[in-house]
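Keep the structure in view while reading, and find each residue as it is named.

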Amino acid sequence: MRILATNDDGIMAPGLAAMRKALALMGEVTVVAPTTSQSAVSHSISLNQPVLCHRIDLGDHTEGYGVEGSPADCVKLAILELMPERPDLVVSGVNLGANLGVNVLYSGTVAAAVEGAFYGVPAVAVSTGSGEAVDFEGAARIALSVIEQFIQCGAWHGALLNVNVPDLAAGPPAGVRVVRQSMKGWDETWEGRLDPRGRTYYWITGKPEAEDDGADTDVSAFAQGYVTVTPLRFDLTAHDRIEAMRGWDLRL
Ligand code: MN
């Protein structure tokens, strides 16, 4: 099995190293990842500048491709150019920090998996909660058991998997749950300060909202200590609106 491993935390991130080592049990792993942190760049791609690509020594006698671009750039470049054959699986992560609720839409980690799914490749985004001592190896091991079941399903047209592992340093997970994506985001605030030249600048900050919109969501299950597994679609159409809108009086 040919596996493409990527992330948005950068090619030297420990979460990617842990995922790569776990995936090596399943097949031949090619690492193509951003050279710098690309967290929260969502599904951006580079159109106005060239995308530099370097062979990078990952230690333990392996090399990867470091890409000066976004996670979506990495997957696009890997599939269309760098890998001699199309991968059988794309895995993005393990990301430092959970990707739940509307944060899924900001996530570079998830976007890389979405990009793989664009090409019809089974794709999984893996993230873990950020604590004091993050156990990426443990998170990767748990993700691997989910991935092994996922690939037995064959291709998912237009869909991918989003896996979030709670902070394992806080104790073992309560279990694994298949849940829908919450529509909740963060309780955000902007902190305004003055720079040394007297100019105002802002930095966004916040914390997950305490109230969730339902018990069967990724946000609430994760808060209760569960590993969450959510199938995602990149078709953003509000299918339930189409029939009613056909009755609109739309004409030129
Ligand atoms: Mn990240």
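**Helix 1 against helix 5**

In this predicted model, P14, G15, A18, M19, A22 and L23 of helix 1 meet F136, E137, A140, A143, L144 and I147 of helix 5. Sorted by class, the residues of this contact are ten nonpolar, one polar and one charged.

*Geometry of the helix 1 and helix 5 pair*

- Two packed helices are described by the angle between their axes and by the distance between those axes.
- For helix 1, which covers residues 14-23, and helix 5, which covers residues 136-152, the angle is about 45° and the axes are 9 Å apart.
- Because angles under 35 degrees count as roughly parallel and those from 65 to 115 as roughly perpendicular, helix 1 is described as oblique to helix 5.
- The crossing of helix 1 and helix 5 is right-handed.

*Helix 2 and helix 4*

- The axes of helix 2 (residues 71-82) and helix 4 (residues 108-118) come within 8 Å and cross at roughly 25°, and helix 2 and helix 4 are therefore roughly parallel to each other.
- The crossing of helix 2 and helix 4 is right-handed.
- On the helix 2 side the contact is made by P71, A72, V75, K76 and I79, while helix 4 contributes G108, A112, E115 and G116.
- By class, the contact of helix 2 with helix 4 consists of five nonpolar, two polar and two charged residues.

*What is buried in helix 2*

- Which residues of helix 2 are buried? They are P71, A72, D73, C74, V75, A78 and I79.
- The elements that cover these buried residues of helix 2 include strand 1 (2-6), strand 2 (28-34), strand 4 (63-67), strand 5 and helix 4.

*N95 in strand 5*

- N95 lies in strand 5, which runs over residues 89-96.
- Is N95 buried or exposed? Its relative accessibility is 6%, and because buried means under 20%, N95 counts as buried.
- The side chains of N95 and T109 are joined by a polar contact of 3.2 Å.
- Apart from its neighbours within four places in sequence, N95 is in contact with D8, D9, S39, T109, V126, S127, T128 and F136.

Technical notes: Residues are numbered from 1 along each chain as its sequence is written. This is a predicted model: local features need pLDDT of at least 70, side-chain atom pairs count only at pLDDT 80 or more; totals for chains, interfaces and linings use all residues. Side-chain values use heavy atoms; hydrogens and water are left out. Helices (H or I, at least four residues) and strands (E, at least two) are DSSP runs, numbered from the N terminus. Buried means under 20% relative accessible area, exposed over 50%, partly exposed in between (1.4 Å probe, protein chains only). A polar contact is a pair of N or O atoms within 3.5 Å; within protein, one must be able to donate a hydrogen and the other to accept it, and residues adjacent in sequence count only if both atoms are side-chain atoms. Contact means heavy atoms within 4.5 Å. Axes are lines fitted to C-alpha atoms, for helices over the stretch in contact, and angles run from 0 to 180 degrees between N-to-C directions. Angles under 35 degrees count as roughly parallel, over 145 as roughly antiparallel, 65 to 115 as roughly perpendicular and the rest as oblique. A crossing is left-handed if the near helix is turned anticlockwise from the far one by less than a right angle, and right-handed if clockwise. Ala, Val, Leu, Ile, Met, Phe, Trp, Tyr, Cys and Pro count as nonpolar, Asp, Glu, Lys and Arg as charged, and the others, Gly among them, as polar.
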